[in-house]
Amino acid sequence: MTGLTLGIIGLALTTLLCGIGSGLGLKATATASAGVLAEDPKKFGKVIILTLLPATQGLYGFAIAFIGASALPTIANLEAANAMSATSAQIMAQGWNVLWACLPMMIGGFMSAYLQGKASAATIIAVGKNSETSKAFLFPAMIEFYALLGLVVSIILFNHFPVASITKIAVEPVKEATQALATLFVR
């Protein structure tokens, strides 16, 4: 497995898991909305925003994949960064960096979309029973905050290891530490 493969796996999983979470969340909200609208079609304006709320995490996952693609250790990115002398260990490290930077959005996006769908569905049902539940809109919106945290953390991580610094990724200290540990166990 190469560093490029690791990076692509991270970007693909982020998009995939955020999309799956959004799909599951939308299933819950669409089902609840259909029930409410079957009884009172005039409530469409109140339930449409709640219905679509879990879809944002799918968009966030796509945005992270788009941003992260520029950090992949590809020939074009390395040439642009004047880093053609990067070793395979440095390229592998860059692939791991991309994968790890995707994790906050990957996990946060999946979980928040799924849970936001459940909270939004409950709020939609409440709107169906009582139109004066404008305060209940706050509950699924609070879950959005955690999706935004995952998005921001992933963006911050991508900004702290640009491809331009791939030649500065230190491989020698890792080799020295491994050799030091090996000498301890050989004695």
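Modeller: Let's look at helix α5 (residues 88-129) and helix α6 (residues 138-159), which pack at an angle of about 170° with their axes 8 Å apart. Helices here are DSSP runs of H or I with at least four residues, numbered from the N terminus. The axes are lines fitted to C-alpha atoms over the stretch in contact, and angles run from 0 to 180 degrees between N-to-C directions. Angles over 145 degrees count as roughly antiparallel, so that's what α5 and α6 are. On the α5 side, the contact (heavy atoms within 4.5 Å) includes W100, C102, M105 and L115; on the α6 side, I143, E144, L151 and F158 are among the residues. The contact residues divide into 15 nonpolar, 6 polar and 1 charged. Nonpolar means Ala, Val, Leu, Ile, Met, Phe, Trp, Tyr, Cys and Pro, charged means Asp, Glu, Lys and Arg, and the others, Gly among them, are polar.

Bear in mind that this is a predicted model: local features need pLDDT of at least 70, side-chain atom pairs count only at pLDDT 80 or more, and totals for chains, interfaces and linings use all residues. Residues are numbered from 1 along each chain as its sequence is written, and side-chain values use heavy atoms, leaving out hydrogens and water.

Now stay with C102. It is buried, at 0% relative accessible area (buried is under 20%, with a 1.4 Å probe and protein chains only). Its sulfur is 9.4 Å from the closest cysteine sulfur, in C18, too far for a bond; a disulfide needs two cysteine sulfur atoms within 2.5 Å. C102 also touches T14, which sits in helix α1 (residues 3-39).

Methods
Helix = DSSP H or I, 4+ residues; strand = E, 2+ residues; numbered from the N terminus. Parallel < 35°, antiparallel > 145°, perpendicular 65-115°, else oblique. Buried < 20%, exposed > 50% of the residue type's maximum accessible area, 1.4 Å probe, protein only. Lists of a residue's contacts leave out its neighbours within four places in sequence.
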